[in-house]
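Open the model in your viewer and keep the selection panel at hand. The tour moves from one whole chain to an interface, then to a single residue.

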Amino acid sequence: MSGIVALYIFMLAAFTGYEIIAKVPVILHTPLMSGSNFVHGIVLVGAMVALGNADTTLAKVIGFIGVFMAAGNAAGGYVVTERMLEMFKSSGAKRKSGGH
Amino acid sequence: MSGYLTNPEARTWIIQASYFVTAFLFIMGLKRMSSPVTARSGIVWAGAGMLVATLFTFLYPGMGNYEWILPAIILGTALAWISGKRVAMTDMPQMIALYNGFGGGAAAAIAAVELYKGEAMSHTMGTLAVVGGLIGSVSFSGSLVAFGKLQGLIKRSFRFGGQQFVNIIVILATAVVGVFIITGWHADMFHVSLFFVLALVFGVMMTLPIGGADMPVVISMYNAFTGLAVAFEGFVMQNAAMIIAGTVVGSAGTLLTQLMARAMNRSLGNVLFSGFGDTGAAAASGPVTGSMKPIEASDVGVMMAFAQKVIIVPGYGMAVAQAQHKVWELCQLLIDRGVMVKFAIHPVAGRMPGHMNVLLAEAGVPYDLIADLDEINAEFETADVALIIGANDVVNPTARNDKSSPIYGMPILNADKAKNVIVIKRGQGTGFSGIENALFYLDNTRMLYGDGQAAAGQLIQAVKSV
């Protein structure tokens, strides 16, 4: 991946992130923050590669901590977001599912 | 098939294709999460993306150390999964802070692994690794402090004279050491270690003076930081999935932080460098005339049962008292009697924008009964009863007309415009900001003293017996 292509990706991704959030209602701010918190858990793949290529003990220990924390970011972010979003049901959907 | 998997070029191609799918799933997932109707499926899309990227990364040519990688993944996933399932809804904000800090720490760890190698990097790569490491470290230690504050582990805000000057010295020193490393002049183990220690210290020092009420904005900011750090390390690792996902979160998180700060009528600079948002920081403003007038639950029950329209204004106090289920039970009784019931949510009700909606949703309140500030404010004039439970500063009319008040200019819910205002309150104290609430002294306001849950229970009985 050449430098300039990477720069294009950076710019387009930045606009994408901005556009996704721009029209979001306030009620979804917390779940969305939690959801984006999950998405940067992708750092896991970078940490895996870093640890997978580590050859000194120091690099392995730091890599281990990195993979551990990244996995925690991804898993924790998913569970918390899923639990929050689970509650967003309209009154129509709730009646259908037999709830209140 | 096995031929494909042993050929490094084919493997790299398969990995790149899987990252492309992941980027697509992430963006679609976030897009779906930005509307209440599709939000629940959004996280599943994003989750599928994460799973695809993680599984295909094992195909990376030349990977080893699986005896380290697998335990780290299993341990991290298991601990976070269990803690995430167990945490109470009221404590969600600090868990987000904790997981976010982990992400920042992981980005910093990648930078550390690369920089400790001591191999010559191009200045561009070196800069990206160092800046990503700095942002990731600040996000890590800062998020842990934010977690500690919201969890109640760190009780006070640490402030001293010239604090901002010291902070500037620390960040400058970090930058100088960073430049040593990038230029390769002092890229040895000592300087790399010093760099990370300074960055971690800066994250702590920057977050400690900020008050608990402002933490949501700070957590959102660190969320954007982590995204950016991940993107920078993605450049270093030549990993498109990290660049795209990290950048999307970085820009989305920045916008979200601004929206949150704006909802509190504060600028981000004001949140970071002023220090209001801490209990007791604000002095009581001008004298309030009149007196608080108490009322009995039975009278409130009659008032609400025969009302046409009731607006509930919940605050964090309601959630702490675990009263939301009782409040919703009360509302259902009223709705069955033909009363129109709505919930008015201030943007900063709860501990984060949208947090109160989550807490109400947990109690079973359908989201179409919940209105935000812009939608509901005109409706208070036609409401027979505004029931304030656990909210204080967000309904204080002082914010509209008293320029000397620290909350002057903050948008508030116009509960004072309702025909009758009922305030459920434990005692006669002031709110989170320590400011006297003029609403409590108005002629159309009555105080129902008691614990939120008990008071809601009494109201249920009162309405039932009408």
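**Stop 1: chain B as a whole**

Select chain B: it has 18 helices and six strands (DSSP runs numbered from the N terminus, helices being H or I with at least four residues and strands E with at least two). This is a predicted model, in which local features need pLDDT of at least 70 and side-chain atom pairs count only at pLDDT 80 or more, while totals for chains, interfaces and linings use all residues. Residues are numbered from 1 along each chain as its sequence is written, chains are lettered from A and ligands numbered from 1 in the order in which they are written, and side-chain values use heavy atoms, with hydrogens and water left out.

Show the C-alpha atoms of chain B. They fill a box of roughly 80 × 60 × 35 Å along the principal axes. Now colour by burial. Of the 466 residues in chain B, 56% are buried (under 20% relative accessible area, with exposed over 50% and partly exposed in between; 1.4 Å probe, protein chains only).

**Stop 2: the interface with chain A**

Select B:Arg40, B:Ile43 and B:Trp68 next. In chain B these lose the most area to chain A, together 8% of what that side buries.

Stay on B:Arg40. Which side chain does B:Arg40 meet in a salt bridge? The partner is A:Glu86, at 3.7 Å, N to O (the rule asks for a side-chain nitrogen of Lys or Arg within 4 Å of a carboxyl oxygen of Asp or Glu). The rule finds one salt bridge across this interface.

**Stop 3: B:Leu272**

Return to chain B and select helix α11 (residues 268-273), the place of B:Leu272. Why does B:Leu272 count as buried? Because its relative accessibility is 18%. Show its surroundings: B:Leu272 touches B:Met206, B:Ile210 and B:Met221, not counting residues up to four places away in sequence. Finish with a distance label from B:Leu272 to B:Gly211. Their C-alpha atoms are 9.4 Å apart, and the two residues are separated by 61 residues along the chain.

Key: Buried area = accessible area lost by both parts, 1.4 Å probe. Contact = heavy atoms within 4.5 Å.
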